[in-house]
Amino acid sequence: MTARPYNFAYLDEQTKRMIRRAILKAIAIPGYQVPFASREMPMPYGWGTGGVQVTAAIIGPDDVLKVIDQGADDTTNAVSIRAFFAKTADVATTTDTTQATIIQTRHRVPETPLSGEQILVYQVPIPEPLRFLEPRETETRTMHALAEYGVMHVKLYEDIARHGHIATTYAYPARVADRYIMDPSPIPKFDNPKLDDCPALQLFGAGREKRIYAIPPFTRVVSLDFEDHPFERTKFDAACEFCGATDSFLDEVVIDDRGGRMFVCSDTDYCEKRRAAKTKDVAQ
Amino acid sequence: MTAPLLSVRGLCKRYGAIDACRDISFALEEGEALAIVGESGSGKTTLLNLVAGALQADSGEVVYRMRDGAARALSSLSEAERRALMRTDWGFVHQDASRGLRMNVSAGGNIGERLMAIGDRHYGRIRAAALDWLARVEIAAQRVDDPPSTYSGGMRQRLQIARNLVTGPRLVFMDEPTGGLDVSVQARLLDLLRGLIADMGLAAIIVTHDLAVARLLSHRMLVMKQGEVIESGLTDRVLDDPQAPYTQLLVSSVLAA
């Protein structure tokens with residue numbers, strides 16, 4: 001019998017243990033960025049090396065994996081990562097949000113509410129929310145340690161001064177469990193309310209920056225705002241062209257060179273399910 | 001009689017074989033402006049940084065009377081307390097405005113940062129405070145959304161002062177506040193500073209090599225040479241009747257200080 005070409009889920013067992021320790025610490029201190037010894041993965045930085053390592057550390061043979069990129073199951077990044085785990089861990093994969101036990105995501109939280117049986121793994125490019133105003137790592141660590149978060153509001157102040165409203169629409173900073181401020185990866189601020197009191201465990205992995213952080217189930221996550229400029233979820237004037245949804249995050253798609261455009265659900269699974277339900281209704 | 005606002009006792013700092021500060025003691029009362037003068041390399045800035053807690057002293061202590069009236073040694077404060085003190089009760093005006101300002105954040109954001117740091121979460125109020133302070137340092141209100149990188153040197157310095165004073169501190173440290181500015185801008189800035197110090201009852205420690213600045217702003221002064229205070233006293237007394245030979249040299253080398 002030939003040896004298996006890879007260890008289960010690609011990483012060796014010691015590496016997975018190291019990552020699991022970081023994850024446990026991250027869960028114990030919600031929103032705190034735990035440094036970990038990020039490994040080289042067989043994909044470039046920016047493609048989800050952090051998320052892949054977290055997934056590799058927590059996945060088991062019985063897990064069902066779903067991978068989304070900007071909400072879609074069928075983009076290169078999502079397809080590649082799904083194939084990666086199908087090959088190295090021999091796990092079942094799915095595009096159905098409700099069937100998945102682990103969902104690795106880049107830039108979106110699925111529209112379908114998550115359950116306590118599921119884990120959401122985020123791919124994070126820049127984990128440090130204070131980086132915009134403070135380039136020094138030693139200083140940002142001190143600021144986190146002392147909960148000196150005044151500068152976060154300077155960023156929002158600048159938005160209002162320049163645009164008349166808080167114009168940050170993605171990577172919108174949020175306070176986790178009334179303590180640490182975190183960058184919820186570049187998800188749209190539309191998704192920020194979904195982080196709050198979520199039954200699923202949420203893990204964030206940043207491969208290049210070598211940080212892991214977490215939001216345990218049912219944790220308070222509050223988006224930062226001003227008293228006279230409260231946090232507002234993005235609203236769309238349009239409905240999804242395919243399924244007619246008005247409650248989902250929409251992508252704007254340019255369809256010709258004469259300014260034609262349409263809006264469609266960014267969450268492909270959500271959109272397809274709604275369309276399937278509609279066809280069933282019509283058939284009946 | 002209450003304890004002085006700030007008292008410094010036996011402060012020493014060495015850099016290898018160099019004595020940057022040797023056994024320096026002084027006290028500062030509330031509302032009093034103290035100038036530290038001396039030639040470059042005499043330890044003025046080191047002393048300022050020691051007193052402000054930006055540097056660790058080798059020996060000696062700095063005791064500050066907090067807002068609640070309790071006198072506390074700075075070395076006994078936790079890092080969190082020290083930083084909180086720095087952004088509420090103290091101000092630090094750097095010679096180089098880019099060290100004291102966020103150059104890519106608008107003037108309003110620069111002034112508002114301290115307010116937001118101490119928990120103000122009302123945009124309208126922060127904005128109003130920023131506009132009020134811009135007016136007090138004579139910067140046109142229409143520049144409120146411009147970043148300081150578009151400001152002239154004198155305006156940057158005034159903005160830095162506004163940013164520091166917005167929380168109503170009791171003590172301000174200034175390191176060559178007029179350094180690198182042309183003479184007319186200097187005069188205007190000094191005039192403004194003198195007014196603010198008097199109006200707000202601020203205590204100030206001003207490091208300068210310019211005796212005219214000391215004359216205009218300070219009540220008392222220390223003269224430093226090679227890490228030691230060689231003369232101290234009321235500003236007018238020191239400048240009009242210098243006792244130490246070095247001070248005599250310093251005073252006579254300036255045209256009509």
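The model is a predicted one, in which local features need pLDDT of at least 70 and side-chain atom pairs count only at pLDDT 80 or more, whereas totals for chains, interfaces and linings use all residues. Residues are numbered from 1 along each chain as its sequence is written, chains are lettered from A and ligands numbered from 1 in the order in which they are written, and side-chain values use heavy atoms, with hydrogens and water left out.

### Where the chains meet

The contact, meaning heavy atoms within 4.5 Å, takes 22 residues from chain B and 21 residues from chain A. About 1,900 Å² is buried between the two chains, with carbon and sulfur atoms giving 57% of that area; buried area is the accessible area (1.4 Å probe) that two parts lose on being put together, summed over both. In chain B, the residues that lose the most area to chain A are Arg83(B), Arg121(B) and Tyr123(B), which together account for 39% of what that side buries.

There are 4 salt bridges between chain B and chain A, a salt bridge being a side-chain nitrogen of Lys or Arg within 4 Å of a carboxyl oxygen of Asp or Glu. One salt bridge joins the side chains of Arg87(B) and Glu148(A), at 2.8 Å from N to O. On the side of chain B that touches chain A, two or more residues come from each of α2, α4 and α5 (123-136) of chain B, where helices (H or I, at least four residues) and strands (E, at least two) are DSSP runs numbered from the N terminus. The largest share of that side, 6 residues, comes from α5(B).

### A link within chain A

Over all chains the count comes to 42 salt bridges. Lys194(A) and Glu111(A) form a salt bridge whose closest N and O atoms are 3.2 Å apart. Because Lys194(A) lies in helix α6 (residues 192-195) of chain A and Glu111(A) in the loop between β4 (102-106) and β5 (119-123) of chain A, the pair ties together parts that are 83 residues apart in sequence.

A pocket is found on a 1 Å grid over the protein atoms alone, as an open set of points where a 1.4 Å probe fits, with protein on both sides within 12 Å along at least five of seven lines, and its lining residues have an atom within 4 Å of a point. Grid points are joined across faces, edges and corners, and a volume is the space filled by probe spheres set on the points.

| Pocket | Volume | Largest share of the lining |
|---|---|---|
| Largest | about 1,400 Å³ | α5(A), 7 residues |

The largest pocket is lined by 39 residues, and the closest to its centre are Arg136(A), Glu139(A), Arg102(B), Glu113(B) and Arg163(B). The second largest pocket has 16 lining residues, with Gly53(B), Leu55(B), Gln56(B), Leu74(B) and Ser75(B) nearest its centre.
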